[in-house]
Amino acid sequence: MARNIYCFAISLLLLAVVVVPSRASSTELWQSGISLIPYPQEVQAGGEDFVFGGHVSIIVDNGAGSQVKFAADELARMLDEEFGVEGAAGAGVPLVRLTTSGAPEVVGEQGYVLETFADSVIIRAATPQGMFYGVQTLAQLVKPARGGWAIQGLKIVDWPNIPQR
């Protein structure tokens with residue numbers, strides 16, 4: 001009996017070692033050198049890369065609540081601590097815009113849309129929770145580039161597989 005359990009455990013381990021990396025390596029992001037956790041529901045690679053140096057402007061909607069402002073502050077903190085980039089409130093280029101308007105219904109309460117352009121990144125979410133998750137994804141996308149940092153041209157639409165993350 002113990003031997004059967006041991007063989008079963010070894011088989012599961014081998015399966016995980018072989019199958020999981022091959023699945024991850026088949027995604028567009030993985031092939032581009034980007035590993036996201038959790039992996040988004042929809043990813044469209046392409047478009048212009050968002051390239052920036054030591055400063056990024058971060059704006060939120062007029063009248064944004066304290067939770068959306070928290071997401072903006074958290075983004076500024078992560079950019080500073082992880083990449084040495086100053087993220088400051090106010091308009092300017094390059095720009096990260098956090099908005100609670102225009103998110104498709106499919107993202108629900110905890111999802112978001114993240115889209116890059118040459119001079120900006122826009123994260124759209126229906127709720128502050130979705131905004132927070134979009135900001136977490138954005139921080140994972142930053143990669144070194146000539147003269148600063150870049151986020152690959154892409155569009156991500158993500159929402160949880162389960163009711164609570």
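What is the mean pLDDT of the protein, and what share of its residues reach 70 or more? The mean pLDDT (the predictor's confidence in each residue, from 0 to 100) is 85, and 82% of the residues reach 70 or more. The structure is a predicted model, in which local features need pLDDT of at least 70 and side-chain atom pairs count only at pLDDT 80 or more, whereas totals for chains, interfaces and linings use all residues. Residues are numbered from 1 along each chain as its sequence is written, and side-chain values use heavy atoms, with hydrogens and water left out. Over residues 17-24, pLDDT stays under 50, and the model has three contacts (heavy atoms within 4.5 Å) beyond four places in sequence for these residues.

Four aromatic pairs are present in the structure. Rings of Phe, Tyr and Trp (its six-membered ring) pair if their centres lie within 6.5 Å; planes under 30 degrees apart count as stacked, over 60 as edge-to-face and the rest as tilted. The pair of F83 and W149 is edge-to-face because the ring centres are 5.0 Å apart and the planes stand at 65°. Since F83 lies in helix α3 (residues 66-83) and W149 in strand β9 (residues 148-151), this pair ties together parts that are 66 residues apart in sequence. Helices (H or I, at least four residues) and strands (E, at least two) are DSSP runs, numbered from the N terminus. F83 has 18% relative accessibility and therefore counts as buried (under 20% relative accessible area, with exposed over 50% and partly exposed in between; 1.4 Å probe, protein chains only).

A further edge-to-face pair is formed by F132 and Y133, at 5.8 Å centre to centre with 70° between the planes. F132 is partly exposed at 29% relative accessibility, and Y133 is likewise partly exposed, at 25%. Ring pairs link F132 and Y133 with F70 into a cluster.
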